[in-house]
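Visitor: I am new here. Could you walk me through some of the terms used for this structure?
Guide: Gladly. Take a look, then ask.

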Amino acid sequence: MVRLHVKRGGESQFLLEAPGSARLAELVALVARIHNGRLKVQRLCSEMEELAEHGISLPYNMQGLTDEQIEELKLKDEWAEKCVPSGGSIFRKDEMGRRNGFAPNEKMQQVIKKTIEEAKALISKKQVQANVCVTMEMVKDALEQLRGAVMIVYPMGLPPHDPIRMELEDKEDLSGTHAGIEVVKESEAQLWWAGKLLEETKLLSDYVGKNEKTTIIVKIQKKGQGAPGREPVISHEEQKEMMLYYYRKQEELKKLEEEDDDSFLDAEWADNHALKRQFHGVKDIKWGPR
């Protein structure tokens, strides 16, 4: 299986495995689905954190209004009595004025928060560092876990205008929002590798060859955005290591200039080839019997 390290811009997103025989039209669509699914999980987690703290969403015509304005306009939240959390509620006013303030009790809050942590872990960018590939099944599992937590805490359901319910029913409206910009529709998705567009009419093996154990860094883009920035020649960690090496060398030279001493000629850092040997893993090799 070929391993794809998927990035958006210069930021790692997830790892995905695919056979070299995979058609790029299908692979691009799969990458877009996983990418968008991860974004949905993140949006749900964000809203569910607010749900745990401040209860259900207020109707649109009441959001952002003060208590005095609501009273003056004689507005009433009809869903407050229908959508009561299990075990009763505790009042925590939402300063943003988006939610009604009747939060679940501590036990139900923990149910929501624990589920959020588990769902986030499944689709986390840290999975890249852990060398764990993300699948569409993992994304669906995270969504189902979140759906289950909502049903446990709110067995009567959420109001139809609540962002969480809209997300779970795929009725969310992201137009004009930053979240909407991040979404990449399957019909608009493209994959780029090494500065080249992976054409959807070809197979993955047409680009990477028959080596099924290779790893490539691909970037997902929207059609019309052009080629993404290319990967740096050296990694960020290697760059930091080189800068630290030359900084130390510079500091040693300064000290020796002050001391006017030529003993530095025998120092390890004075060897012009020391950095090269360090990166090649041939440092401190000794010849002959010990």
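Visitor: Leaving aside neighbours within four places in sequence, which residues is Lys40 in contact with?
Guide: This is a predicted model, to begin with. In it, Lys40 is in contact with Leu143, Glu167, Asp170 and Glu172, leaving aside its neighbours within four places in sequence. Lys40 itself lies in helix α1.

Visitor: What makes the pair Lys40 and Glu172 a polar contact?
Guide: The distance between their side chains is 3.1 Å. The cut-off for a pair of N or O atoms is 3.5 Å. So the pair falls within that limit and is a polar contact.

Visitor: Why does Lys40 count as buried?
Guide: Its relative accessibility is 10%. Buried means under 20%. Therefore Lys40 counts as buried.

Visitor: How far apart are Lys40 and Glu167, in sequence and in space?
Guide: They are 127 residues apart in sequence. From C-alpha to C-alpha, they are 7.3 Å apart in space.

Visitor: Why is α1 called roughly parallel to α5?
Guide: Helix α1 covers residues 24-54 and helix α5 residues 136-153. They pack at an angle of about 20°, and their axes are 9 Å apart. Angles under 35 degrees count as roughly parallel, so α1 is roughly parallel to α5. Their crossing is left-handed.

Visitor: Which residues meet where α1 packs on α5?
Guide: From α1, they include Leu30, Ile34, Lys40 and Leu44. From α5, Met136, Leu143 and Val150 are among them. By class, this contact has 13 nonpolar, one polar and three charged residues.

Visitor: How do you know whether His161 is buried or exposed?
Guide: Set its value against the cut-off. His161 has 11% relative accessibility, and buried means under 20%. So His161 counts as buried. His161 is found in the loop between α5 and α6.

Visitor: Why is Tyr207 called buried?
Guide: Tyr207 lies in helix α8. Its relative accessibility is 18%. The limit is 20%, so Tyr207 counts as buried.

Visitor: What does the side chain of Tyr207 reach at 3.0 Å?
Guide: The backbone nitrogen of Glu199. Glu199 is also one of the residues in contact with Tyr207, as are Leu24 and Trp193.

Notes:
Residues numbered from 1 in each chain as written. Predicted model: local features only at pLDDT ≥ 70, side-chain atom pairs only at ≥ 80, totals over all residues. Heavy atoms only, no water. Axes fitted to C-alpha atoms, helices over the stretch in contact; angles between N-to-C directions. Helix = DSSP H or I, 4+ residues; strand = E, 2+ residues; numbered from the N terminus. Parallel < 35°, antiparallel > 145°, perpendicular 65-115°, else oblique. Left-handed = near helix turned anticlockwise from the far one by under 90°. Contact = heavy atoms within 4.5 Å. Nonpolar A, V, L, I, M, F, W, Y, C, P; charged D, E, K, R; others polar. Buried < 20%, exposed > 50% of the residue type's maximum accessible area, 1.4 Å probe, protein only. Polar contact = N/O pair within 3.5 Å; in protein donor to acceptor, adjacent residues only side chain to side chain.
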